[in-house]
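Here's a quick briefing to read alongside the model. Have a look at the structure first, then go through the points below.

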Amino acid sequence: MTAIDHRARRDNKKAARATATQPQPQRGGLSKAERSKRRTGWLMITPAVIHIGLWTAIPVLATFYLSFTDYNIFAAPQWIWFENYIEMFQDAVFVQSIWNTIWYTFWTVPVSMALALIVAVALNKGLKAQKFYRTAFFLPQVTATVAIAMVWLWIFNPQYGLLNAFLGLFGIPSQAWLVDPQWALWSVILVGAWQGIGIKMLIYIAALQNVDESLYEAAALDGASGPRTFWSITVPMLKPATFFVFIISIIGAFQVFDQIYVLTDGGPANATTMMTYEVYRSAFQEFRMGMAAAQSVVLFAFLLVMTLISRRATREDD
């Protein structure tokens, strides 16, 4: 055996000993340290998982179950299959509440989004006292909805309201904004669109600050006008933020309740009755918890469908 063979055998033994001293992967290809990290991760998220299970998952499952029962709190639930759903869609008031909610969403979401975008672009230009304006526009978002509704009750008052006083300066006759079925829903839409500007504006401002300024500089060198720059650079760069704002706006519009309760109580003649208000009326005025659960399931289905449609429409952009 040559010296070269002895050297090769010695190197092979050293390599074998080095391999033996290295930590071997455990079951599933994970080392002991990796398994410890995984256990630590699960331990850290356990409180959140328990919270979601207790306060979200279980109530959701209970709602689906109760929607197939006749339950009035005072007696045990009685299984009645789809009778709540059949009765619900035969109820003219609930059907009207669906259309009212869709109409409310159709107007408040795009109007508030458009106004929020315009305000965000204006406040992102380094205007004087922009902190004051940002605070002023965002203040309604953090103010109690009931307090805001009380202010708008005074604005819409047919005798001494601010809106009729302003229109009187131009010779326009006074209107019973919240009492007339022709104007009641439009009045609620106005309040909803106005109140929703603040949070959308804040999201748009945050998104605008992440847009590369070199894009605007290049557009200026090419001689692009302000509107051209807005539509060709600002709007496309804000598409992710716009999708997020659109989703939360739809969810918020379908869940409108406070201002309806304070401003109109669902009237006049159910002209402003929304799906959430029907859920409240079934549950806490008529004590029909099974019917209220079925109405909540239908509301959830509307929100799910609208979210999926919006997600599909923006999939290519993402």
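Let's start with a helix pair: H4 (residues 92-123) and H8 (181-195) pack at an angle of about 40°, with their axes 9 Å apart. Helices here are DSSP runs of H or I with at least four residues, strands are E runs of at least two, and both are numbered from the N terminus. Axes are lines fitted to C-alpha atoms, for helices over the stretch in contact, and angles run from 0 to 180 degrees between N-to-C directions.

This is a predicted model, where local features need pLDDT of at least 70, side-chain atom pairs count only at pLDDT 80 or more, and totals for chains, interfaces and linings use all residues. Residues are numbered from 1 along each chain as its sequence is written, and side-chain values use heavy atoms, with hydrogens and water left out.

**H4 with H8**
- On the H4 side, the contact (heavy atoms within 4.5 Å) is made by Asn100, Trp103, Tyr104, Trp107, Thr108, Val111 and Ser112.
- H8 brings Leu185, Trp186, Val188, Ile189, Gly192 and Ala193.
- By class, this contact has 9 nonpolar, 4 polar and no charged residues (Ala, Val, Leu, Ile, Met, Phe, Trp, Tyr, Cys and Pro count as nonpolar, Asp, Glu, Lys and Arg as charged, and the others, Gly among them, as polar).

**H4 with H14**
- H4 also packs with H14 (residues 275-285), at an angle of about 145° and with the axes 8 Å apart.
- Val93, Phe94, Ser97, Ile98 and Thr101 of H4 meet Met275, Glu278 and Arg281 of H14.

**Largest pocket**
- The largest pocket holds about 390 Å³ of space, a volume being the space filled by probe spheres set on grid points joined across faces, edges and corners.
- A pocket is an open set of points on a 1 Å grid over the protein atoms alone, where a 1.4 Å probe fits, with protein on both sides within 12 Å along at least five of seven lines; lining residues have an atom within 4 Å of a point.
- Of its 20 lining residues, Gln141, Gly192, Gly196, Gly252 and Ala253 are the closest to the centre.
- The lining counts 7 nonpolar, 11 polar and 2 charged residues.

**Backbone spots**
- The peptide bond from Gly267 to Pro268 is cis, with omega near -10°.
- Pro268 sits in the loop between H13 and H14.
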